[in-house]
Amino acid sequence: MLTGLNIAVIGGDARQLEVIRKLTELGAKIWMAGFDQLDHGFAGAAKAKMNEIDFSVIHAIILPVPGTSLNGTIDTVFSNEEIMISEEWLSKTPENTVIYSGISNAFLDQVLKTAKRKHIQLLERDDVAIYNSIPTVEGTIMMVIQNTDFTIHGSNVCVLGLGRVGMSVARTFAALGAKVKVGARKSSHIARIEEMGLASFHLNHIVKEASGSDICINTIPHMILTPAVLSELPSHALVIDLASKPGGTDFKFAEKRGIKAMLAPGLPGIVAPKTAGQILANVLTQLLAEQLKEGKESSS
């Protein structure tokens with residue numbers, strides 16, 4: 001149970017609704033900022049403007065999965081209100097208040113460092129990332145089907161990166177009958193690719209190895225699909241970039257070459273928001289229970 005915890009859920013999308021539902025069921029008291037256009041409510045949760053929240057009693061702040069934009073604004077799908085994170089309202093929270101988000105950026109890191117508040121990035125956790133890879137793969141398959149005129153079966157697919165998402169993508173496309181090759185840097189990843197029965201290559205050889213790919217799926221959050229690489233792809237190729245913004249693709253050059261390249265971060269929240277929200281809610285429940293326990297122990 002989370003009775004006694006005061007939590008501010010700020011902004012967000014449909015995934016946040018699953019989080020709010022779960023936390024209120026467990027007895028937490030929730031303030032929802034950026035949800036004023038949401039039709040239904042939750043027992044134990046109240047809609048509020050930022051200036052209506054008493055941050056001095058807030059134990060945890062849950063931001064949207066992306067955290068903030070690079071200028072500090074927070075996504076508010078259910079509101080037209082612009083909300084920006086600031087050191088001013090963070091400093092009003094107790095010193096042991098914890099801020100949760102999916103990922104972070106330089107702006108958010110700096111604000112939280114200045115405010116001296118603990119920050120937990122949920123997508124850095126293996127459990128969240130692995131569970132999230134399931135709707136990510138399903139969304140990737142959907143995008144490929146919608147944007148090609150050939151079958152996945154028999155097509156040449158190049159997957160860049162063998163992290164938690166890359167592994168699931170490579171395995172699933174291979175199971176659908178695609179000819180999959182995977183690029184990585186670590187020798188351990190190369191070994192794993194070969195153990196999976198897939199073709200492997202070192203990313204130093206990406207220009208040669210990616211050439212001829214019908215579908216190229218990137219999971220690396222750095223510029224990897226450069227003009228040199230894109231120049232070797234056939235004009236019918238489809239690029240799906242799953243890395244966090246701004247992705248790892250030179251999208252302007254791809255457009256110039258007539259190659260369809262799509263940035264698709266946050267697919268779980270688009271194709272399966274209920275499932276993606278439940279994944280976050282389950283992990284947050286565990287983390288908040290630990291935080292509540294620590295708080296009680298430190299005050300006793």
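1. In this predicted model, the axes of helix 4 (residues 126–146) and helix 5 (residues 164–175) come within 8 Å and cross at roughly 45°. Because of that angle, helix 4 is oblique to helix 5, and the crossing in which helix 4 passes helix 5 is right-handed.

2. The residues that make this contact can be listed from either side. Helix 4 contributes Asp126, Ala129, Ile130, Ser133, Thr136, Val137, Thr140, Ile141 and Val144, while helix 5 contributes Arg164, Val165, Ser168, Val169, Thr172 and Phe173. Sorted by class, the contact of helix 4 with helix 5 has eight nonpolar, five polar and two charged residues.

3. The largest nonpolar core has 32 residues, and those with the most contacts inside it are Ile7, Leu23, Ile30, Tyr100 and Leu288. Two or more residues of this core are given by each of strand 1 (6–10), helix 1 (14–25), strand 2 (29–33), strand 4 (60–62), strand 7 (98–101) and helix 11 (273–299). Helix 11 supplies the largest share, with eight residues.

4. Tyrosine 100 deserves a separate look. When its neighbours within four places in sequence are left aside, tyrosine 100 is in contact with Ala60, Ile61, Ile62, Leu63, Ile120, Leu122, Leu284, Leu287, Leu288 and Gln291. There is also a second, separate core of 25 residues, which includes Met143, Leu162, Ala178 and Ile240.

5. Two glycines in loops may be read side by side. Glycine 27 is placed in the loop between helix 1 and strand 2, and it counts as partly exposed because its relative accessibility is 30%, which lies between the limits of 20% and 50%. Not counting residues up to four places away in sequence, glycine 27 touches Met1, Leu2, Thr3 and Gly4. Between the C-alpha atoms of glycine 27 and serine 69, which are 42 residues apart along the chain, the separation is 31 Å.

6. Glycine 67, for its part, is placed in the loop between strand 4 and strand 5 (73–74). Is glycine 67 buried or exposed? Its relative accessibility is 2%, which is under 20%, and so glycine 67 counts as buried. Leaving aside its neighbours within four places in sequence, glycine 67 is in contact with Ile74, Ser101, Ile103 and Leu108. From C-alpha to C-alpha, glycine 67 and methionine 142 are 26 Å apart in space, and they are 75 residues apart in sequence.

How values were computed:
Residues are numbered from 1 along each chain as its sequence is written. This is a predicted model: local features need pLDDT of at least 70, side-chain atom pairs count only at pLDDT 80 or more; totals for chains, interfaces and linings use all residues. Side-chain values use heavy atoms; hydrogens and water are left out. A nonpolar core is a set of buried Ala, Val, Leu, Ile, Met, Phe, Trp, Tyr and Cys residues joined through side-chain atoms within 4.5 Å. Buried means under 20% relative accessible area, exposed over 50%, partly exposed in between (1.4 Å probe, protein chains only). Helices (H or I, at least four residues) and strands (E, at least two) are DSSP runs, numbered from the N terminus. Contact means heavy atoms within 4.5 Å. Axes are lines fitted to C-alpha atoms, for helices over the stretch in contact, and angles run from 0 to 180 degrees between N-to-C directions. Angles under 35 degrees count as roughly parallel, over 145 as roughly antiparallel, 65 to 115 as roughly perpendicular and the rest as oblique. A crossing is left-handed if the near helix is turned anticlockwise from the far one by less than a right angle, and right-handed if clockwise. Ala, Val, Leu, Ile, Met, Phe, Trp, Tyr, Cys and Pro count as nonpolar, Asp, Glu, Lys and Arg as charged, and the others, Gly among them, as polar.
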